[in-house]
Amino acid sequence: MSMDLRQLVRWPQRMLEHRAYNEYLWAYIFLAPFILIFGVFTIYTLVWGVVISFQDFTAFRAEHRFIGLNNYAAALRDPVTWHSLRISALYTVATVPVGILWPFFLAVIIQQLHPRLRAFYRSAFYLPGVTSGVVMTLVWVWIFYPMAGGLANGLLNLFGIKPQLWFGDAKQALPSLIFMSWLTGWGGGVVLYSAAMNNIPQSLYEAADLDCTSALGKFRHITWPLVKPTTLFLLVTTTIGSFQVFQSAYIATSGGPQLATTTFVYHIWTTAFEILHLGRGAAMSMILTIIVMAVAIIQFRYMSTDVEY
Amino acid sequence: MAKIRARNVSKTFRAKGTMVEAVKHVDVDIGEGEFAVFVGPSGSGKTTFLRLVAGLELPTSGQIWIGDRDVTTVHPRARGIAMVFQDYALYPHMTVRQNMAFALENLKHPRHEIEQRVNQAADMLQIRALLERRPRELSGGQRQRVAVGRAIVRQPAAFLFDEPLSNLDAKLRVQMRVELAELHRRLAATALYVTHDQVEAMTLGERIFVMNDGVIQQVGRGTELYEQPANTFVASFLGSPPMNLFPARLEAERERLLVVQDELRLPLTAELSRRYQSFAHREVTVGIRPEHIAALNSLTMTEPGWMPADVHLLITEHLGSEKLVYFTLGAQRLVAKMPEDAPLSAFGAGQLAFNTNRIQLFDRTTNQALHAG
């Protein structure tokens, strides 16, 4: 055998023995499960969603035709679409500021505590977040039970106020959902803000003391500006989360009463999985994606900062 | 400008269940317009003392005055002082102008006055062109100037400096040292400057407070501390290389005292023998600076009192204009500093001359300098 042919035969063996190849190979082996799951359940579904948004894809027809922007037009002509967008917008406007300011306020308080106590409260505030959202919503359903047996009505009864319908009243259902959001789900924000405040050099506060800065001044001119990256992160994620709210509406109110809590994602769900018009549901999902992206871009544009200590 | 006084000031911290006394019964008097430097190794208590004067820590005991006011328990914002931090502590989200104006805005000074003071300080420090930049866009030296500028605009009763040059490279440090000295001359400001660098202390300080283990070891002008150290710590801390210290015994021979160590017998000069007569036959620690040891018959030996001694030469480090010669004297390893062209064999048995006029003697037990009775 000639020299070149021998080298060719030995090439796969040399490659397997090459150290860099081995390192990359193992990296890909460990990444493979995530890539597979991400690829199938995120990338593939995203692409497929885009594709079917341009098709008359329903559960009643085996073949699906390309119909251009018809699904988008139909969605935008549907008054329920605009109604649900308004409900989602109201919900977002009412919950996002609280979802940012309340964790910030709590983080400021626990920052004054002894480090061990601080760690305890961080865990205590975060722990409820690991509870299932379904379970939490069911607890709130019980709290807002419309009869006298519900906790909320029981408290009102102590003050002589008659029982309220809460989730059962078209005017009270959305505020009840909003109130529920105010009291849940901010544990992660407390942890993030607390960590961000920990990273602010103590010398800045000492310099501020020597610069005759009041406590409020330190809060306004040091703490708040220097946790801006965390605020931006929470602003974007809570906004996206608020626009995507579905679980609480589905479990507590089923989007009612009288569409009072029909959020946009709830409307997408009923279109795709109750009316079984998946193509139009996909189109509405794309509309939601565009709206959320636009809001996030605006938030980044006006709030992004690169603070370096 | 104001004086700074401290009486019997102590500070104790709790660290891992034990009490650590970082500052122990310190008494300090810094005159109006004086540039006082506190120097010492890490953990000596100098920064803790500075923070006590700033009000960033409360003393465990004692009192502190700035001017005629007792400020022991007064909040930092009400002490009328300005501080330059080791890490500059510039507000990263504010421009240089905003950083410098911040304190004056908090004190509700009129806008035109704030502008005027900021511009004046910026001109003095040559940072006018940097006023609209943010700290991340500045070099280390520029940030340091901005930190100084922020202090200057306050027109405080006293300036406090917490190792402001320690984060700069060696060349920039030398440049900034000169600028700080000039600035102090222009402002005639009372300053309390903390550093671990003895060169900074010697070049900047009108008076130097040497601290170790929470206690002030000695106070005085740089030359005074260098030539007449109060104890072995001060003797070995100041000077590069540090003073040679070795144990010996003082023997009397006729009217002269001899430093005796192993085979070394170094007679002191008549004057020194008279001065230390009462310490004859005592175990002492002998100190002699490297520059007071020379090659035999070299040009360094200009004054009388140079005595030869047998040594064993080890290594020579050439520094350009001078050289460091490491040698053993009996069992002791010492170092000499001499001009690069001093005649000396490379290594092995040889002789060096010791300037016995410049020998320092310290009590072997207390490490304090011996003083004639």
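The dialogue below takes up a few features in turn.

Author: This is a predicted model, in which local features need pLDDT of at least 70 and side-chain atom pairs count only at pLDDT 80 or more, while totals for chains, interfaces and linings use all residues. Residues are numbered from 1 along each chain as its sequence is written, and chains are lettered from A and ligands numbered from 1 in the order in which they are written.

Reader: Into which domains is chain B divided?

Author: Domain bounds come from an automatic or database domain assignment. For chain B, domain 1 covers 4-237 and domain 2 covers 244-363. Their C-alpha centres lie 39 Å apart. Five residues from domain 1 of chain B and five residues from domain 2 of chain B make the contact, where two residues are in contact if their C-beta atoms, placed from the backbone, lie within 7 Å. Chain A is divided into domain 1 (3-52) and domain 2 (70-303), with 40 Å between their C-alpha centres.

Reader: How many residues of chain B are in contact with chain A?

Author: Chain B contributes 18 residues, in contact with 16 residues of chain A. The side of chain B that touches chain A has 13 nonpolar, two polar and three charged residues. In this classification Ala, Val, Leu, Ile, Met, Phe, Trp, Tyr, Cys and Pro count as nonpolar, Asp, Glu, Lys and Arg as charged, and the others, Gly among them, as polar.

Reader: Is A:Tyr91 buried or exposed?

Author: A residue is buried if 20 or more other C-beta atoms lie within 10 Å of its own, exposed if 12 or fewer, and partly exposed in between, with C-beta atoms placed from the backbone. A:Tyr91 is buried, because 22 other C-beta atoms lie within 10 Å. A:Tyr91 is found in helix H4 (residues 79-111) of chain A; helices (H or I, at least four residues) and strands (E, at least two) are DSSP runs, numbered from the N terminus. Leaving aside neighbours within four places in sequence, the contacts of A:Tyr91 include A:Leu174, A:Ile178 and A:Val245. A:Tyr91 and A:Val245 are 154 residues apart in sequence, yet 8.8 Å apart in space, C-alpha to C-alpha.

Reader: How are packed helices described?

Author: Two packed helices are described by the angle between their axes and the distance between the axes. Axes are lines fitted to C-alpha atoms, for helices over the stretch in contact, and angles run from 0 to 180 degrees between N-to-C directions. Helix H3 (residues 70-77) and helix H15 (residues 278-303) of chain A pack at an angle of about 75 degrees, with their axes 8 Å apart. H3(A) is therefore roughly perpendicular to H15(A): angles under 35 degrees count as roughly parallel, over 145 as roughly antiparallel, 65 to 115 as roughly perpendicular and the rest as oblique. Among the residues that meet are A:Tyr72 in H3(A) and A:Met284 in H15(A).

Reader: Which backbone features are found at A:Leu276 and at B:Pro241?

Author: Most residues other than glycine have a negative phi, and most peptide bonds are trans. A:Leu276 is not a glycine, but has a positive phi of about 65 degrees. A:Leu276 lies in the loop between H14 and H15 of chain A and is partly exposed, with 13 other C-beta atoms within 10 Å. B:Pro241 is joined to B:Ser240 by a cis peptide bond, with omega about 0 degrees. The place of B:Pro241 is the loop between helix H8 (232-237) and strand E11 (244-253) of chain B.
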